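Me: I've got a structure here that I'd like to talk through with you. Could you take a look and help me with a few questions?

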Amino acid sequence: LNEEAKSLFEAKNYEGAESKVAEIEALEKAYKTAEKLFNGEKEEVTDEVVNKAKSVNKVKAFADSIKQIRNTMSVGTATDGGYTVPEDVLTDIEHLKEAKKSLKDLVSVETVSTMSGARTYKKRSSLTGFNVVGEKGAIGQKETPKYDRYEFGIKKRAGIYPVTNELFEDSDANIYNELTQWIADDSRVTDNKSILAVINAKPQTELTGLDGIKKALNVTLGQAFKPTSKVVTNDDGLQYLDTLKDEKGNYLLQPSPADPMKLVLCAGATTVPVEVFPNSDIPTAENKIPMIIGDLKEGIRFFDRKKLNIMTSNVSVVGTGEEAINAFEDDMTLFRAIQRDDVVTRDADAFVNGYITETAQV
């Protein structure tokens, strides 16, 4: 939300920025309230919990003493003593490391309050300058600005996530937090697919190595977009760019001097930032490594009608026939996630939907 507020402020959308700041303040207030409630629950540790902990220690001590008896009892066989040895099973959920990036951070995001609408823009035109007019000569008519519009229509994207109530009651893990985190990741993937669909609606351009990338920047995008352009690619694209060298053998992909955690491609006289997404988010299809080049904030507009909204119910019914789930009858809790948005092309000239043929790598 801070990032969105900053972007809106920089775009001089002060009303939108103020709205974001209000959302941030509301979240901070909600967090403080939740924190107080959580700390209060932690203090309510009952004697039963303490006794259970002591009981676990007694079981472990008993198991340790059993290990010292040298007779036919063995750990390897359950009935000969294996049942007495506690297993080292942790119910705390471990999370495998994975890359999580959102294309939404690279495009222009606008919060709207209507189901549909349009935005007006001035069309590009080639100005020719004034005509030379002699004394008492007629002054010719010149072309005036022309305007056009692009439209948006909000779409609803949603999903149901069923969870048994036994899992909530019996699990030591915080299943609610686990599931809400899972849903948030699902929302991010949804956004990425929506944005990629709009990018891929533009015809693809094959880029012939580094020279093709340079031409896309210098000629296709030109001076209007080149200074603010980025190269967006995937893991395969990173591998390709990471092998490029100049005539002196120096690698062309380097850490950014301003931020060593980010990468820049030294393409001739141009240094362009590189954004790398996992292959799972931006896949390589038909041996075509994606190389999306340009200014996506100018090229793509994300209209956000409603932020990700999650509701739960233990009495709802979803589906029909054998696929139906009756939360009340089946003793389940249903999580419903909804987001409403639309993604449109704002300026198709602001980016190149390029690719490098995988078999042509050097």
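Me: Which residue in strand 9 does V264 stand opposite?

Reply: Keep in mind that this is a predicted model. Strand 8 (263–267) and strand 9 (270–277) run antiparallel and are joined by 5 bridges. Opposite V264, strand 9 has P273.

Me: And which residue takes a positive phi in the hairpin of strand 8 and strand 9?

Reply: That hairpin has 2 residues between the strands. The positive phi there is near 65 degrees, and the residue that takes it is G268.

Me: What is the strand order in the open sheet of 7 strands?

Reply: Let's build it up from some of the pairs. Strand 7 is joined to strand 8 by 3 bridges, antiparallel, with L253 opposite L265. Strand 6 (residues 230–234) and strand 10 (residues 288–294) also run antiparallel, over 4 bridges, and V232 faces I292 there. Pairing across the sheet is mixed, and the order is 5-15-10-6-9-8-7.

Me: Why is one side of strand 5 and of strand 7 left without a neighbour in that sheet?

Reply: In the order 5-15-10-6-9-8-7, those two are the end members. Strand 5 (205–206) and strand 7 (253–255) stand at the edges, so one side of each has no neighbour in the sheet, as each has a single partner strand.

Me: Which strands are included in what covers the buried residues of helix 6?

Reply: The buried set includes L210, I213, L217, L221 and F225. Among what covers the buried residues are two helices, helix 7 (235–241) and helix 8 (296–299). The strands included are strand 8, strand 9, strand 10 and strand 15.

Me: Moving to strand 11, which residue is the bridge partner of F302 in strand 14?

Reply: Strand 11 (residues 300–313) pairs with strand 1 (residues 108–111) in the parallel sense over 4 bridges, and E110 has F303 as its bridge partner there. With strand 14 (residues 332–345), strand 11 runs antiparallel over 11 bridges. In strand 14, the partner of F302 is V343.

How values were computed
Residues are numbered from 1 along each chain as its sequence is written. This is a predicted model: local features need pLDDT of at least 70, side-chain atom pairs count only at pLDDT 80 or more; totals for chains, interfaces and linings use all residues. Side-chain values use heavy atoms; hydrogens and water are left out. Two strands pair if DSSP finds at least two bridges between them. Buried means under 20% relative accessible area, exposed over 50%, partly exposed in between (1.4 Å probe, protein chains only). Contact means heavy atoms within 4.5 Å.
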